[in-house]
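Visitor: I'd like to learn how to read packing in a model like this one. Could we go through it together?

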Amino acid sequence: MVYPASSHVRKTFEQLVALLPATEKTKPQVLLLAGEATGFRHDTDRELVFRQESNFYYLTGCTVPSSFLLAAYQPGTSLEQKPSADLFIPEANEDDIMWSVPPPSLAVATESHDVTRVNHSPALQDALAILLTALPGALVHTLPRNSPLYPELPVNYATYALAQESIGVTDHYLFTALHNARLTKDIHEVEAIRKANAISSRAHEVVMRVLGQAVKGGLRQGAAAADRPLLPGEWLIEKEAEAEAVFIASCRREGAVHQAYLPIVAASTRASTLHYCCNDREFAWGPVAPHDHHNTSSFATSEKQINPQVLLIDAGCEWDCYAADITRTMPVGNGGKFTPEARAIYSLVLEMQYDSFALLKPGLHWDEVQLICHRTLIRGFQRLGIFRSGAEHTEEAILASGLGAAFFPHGVGHSLGLDVHDVPSVSKPTDAEGKVTVLGDGAKEGGEAKWGPVNLYKYLRLRRPLEQGMIVTVEPGIYFSPHLLARAQAHASPFVNVEVLKQYEPVGGVRIEDVVHITEDGYENLTTVRSDVEWLEGVCSGAL
């Protein structure tokens with residue numbers, strides 16, 4: 001199936017015209033974009049991994065390095081319903097073919113891309129001249145120029161356009177128009193994200209099952225390990241890096257070229273660091289004390305005992321440049337079972353996620369999801385005894401204090417698409433001064449949302465009403481970060497039972513994250529790996 005680039009070009013032009021001043025709306029509009037070029041390590045000829053720039057891919061579906069797009073739209077003409085889109089790709093260089101795979105021929109590229117015409121890059125200059133002659137008074141749009149955030153557009157093209165009488169060149173509107181267009185996804189995009197999530201879900205389960213087989217003795221290194229490399233079926237996961245390697249290998253085996261972001265693989269208390277990407281530590285090892293009420297088995301193949309701990313894996317691959325973003329927190333040690341404290345925190349995070357799911361539908365303001373997570377956390381902490389209860393320690397009083405942000409500091413989710421943190425410029429609508437403008441009906445003066453203290457919303461990546469076609473993550477978490485607890489003076493808070501809190505701090509952190517598609521009357525969960533406690537412990541213990 002050919003990527004529907006032409007519909008994305010039309011959608012982008014429609015969003016672009018909506019942003020323009022009234023005096024500019026009736027003019028012909030032209031897009032001129034550069035694709036990503038192959039990068040190199042500093043001061044070497046070693047190529048970096050290539051991945052197409054997201055906006056360029058959205059408009060072309062093209063993954064050929066060093067390509068260009070020239071597109072045109074004119075209200076009141078045939079170009080309004082069917083804008084032209086010309087793709088320019090490099091010509092194969094005979095000296096390079098022996099080193100690398102050449103770009104496709106013009107015939108192959110024409111067949112595989114939903115564009116008007118395909119030509120080689122040197123033809124762009126003449127094509128631009130012909131187009132601007134045919135569209136007098138046109139406004140040429142580019143992404144922000146002279147910015148390291150976007151592929152460099154050779155200066156001669158913009159210079160040529162500016163030299164033409166009545167032609168204007170601007171980089172003020174296109175970026176926002178693209179993000180507005182990319183905010184909601186079409187069927188093709190949903191299916192690509194579904195595929196990325198299916199592959200990533202299986203990779204998460206593969207890690208769990210390798211852990212479970214080790215507990216049951218199904219994986220044995222054997223004496224041969226001394227005189228030959230271990231085969232994949234003999235690998236144990238005893239380090240964060242080994243879990244990461246198994247996850248990435250599983251994705252790669254299914255055809256996923258890229259990870260959507262650096263995997264986060266954090267064991268034990270390191271799970272309290274939100275974007276822990278080091279992934280370089282062993283699991284916590286040591287004897288299990290009799291009074292800990294833990295199972296006695298660890299990995300059946302090892303003489304060492306793994307301390308009971310959680311392993312938080314936040315990882316997802318890309319499929320055709322579209323991202324997955326999944327987090328699972330699983331038990332390690334203790335025979336593949338959570339400790340009572342870890343199980344209680346995990347169950348509470350799962351409750352936060354289920355309460356979030358129950359709200360999801362078009363028109364819901366995302367701040368409401370953030371609020372329900374904090375309310376669920378507070379009530380759960382009161383049940384566990386971490387937060388005190390009573391007339392002076394009500395849910396409303398604790399919510400108003402903002403103390404919950406010390407345990408759940410980040411936003412409950414974000415938009416997802418061609419980038420894992422997708423379309424940030426339109427995820428939090430702002431005014432000319434950069435202040436968030438959409439806080440929900442009845443927002444209080446002074447910038448405080450009607451749904452609670454401002455600090456509960458400080459790090460949200462999404463703050464707007466949901467729309468049908470959006471794809472977002474739902475990722476509540478609870479963390480016992482020494483840094484955040486100290487900053488909030490949690491151990492001195494009148495709301496906190498310090499002795500009970502100390503019992504839970506060794507858990508480190510728990511996060512559960514799924515990807516959901518907002519539908520006409522609710523949502524569809526695109527993440528397929530299960531997260532219920534019984535199944536998770538069954539797999540990680542080797543019982544399932």
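Visitor: Does Phe 68 count as buried or exposed?

Guide: Some ground rules come with that. This is a predicted model, where local features need pLDDT of at least 70, side-chain atom pairs count only at pLDDT 80 or more, and totals for chains, interfaces and linings use all residues. Residues are numbered from 1 along each chain as its sequence is written, and side-chain values use heavy atoms, with hydrogens and water left out. Buried means under 20% relative accessible area, exposed over 50%, and partly exposed in between (1.4 Å probe, protein chains only). Phe 68 has 11% relative accessibility, so it counts as buried.

Visitor: How do I read an aromatic pair, and which one does Phe 68 form?

Guide: You describe a pair of aromatic rings by the distance of the centres and the angle of the planes. Rings of Phe, Tyr and Trp (its six-membered ring) pair if their centres lie within 6.5 Å; planes under 30 degrees apart are stacked, over 60 edge-to-face, and the rest tilted. Take Tyr 3 and Tyr 322: their centres are 6.4 Å apart and their planes at 35°, so this pair is tilted. Both of these tyrosines are buried. Phe 68 pairs with Tyr 157 edge-to-face, at 5.9 Å centre to centre and 70° between the planes. Phe 68 sits in strand E2 (residues 68-73) and Tyr 157 in helix H7 (residues 155-163), so the pair ties together parts 89 residues apart in sequence. Helices (H or I, at least four residues) and strands (E, at least two) are DSSP runs, numbered from the N terminus. At 9% relative accessibility, Tyr 157 counts as buried too.

Visitor: How many aromatic pairs are there in the whole structure?

Guide: The search finds 12. There is also an aromatic cluster made of Phe 381, Phe 387, Phe 407 and Phe 480.

Visitor: And helix packing: at what angle do H11 and H12 cross?

Guide: Two packed helices are described by the angle between their axes and the distance between the axes. For H11 (residues 340-357) and H12 (residues 366-384), the axes come within 9 Å and cross at roughly 150°. Axes are lines fitted to C-alpha atoms, for helices over the stretch in contact, and angles run from 0 to 180 degrees between N-to-C directions. H11 and H12 are therefore roughly antiparallel; that label needs an angle over 145 degrees, while under 35 is roughly parallel, 65 to 115 roughly perpendicular and the rest oblique.

Visitor: Which residues meet there?

Guide: Contact means heavy atoms within 4.5 Å. Among them are Leu 348 and Met 352 in H11, and Ile 372 and Phe 381 in H12.
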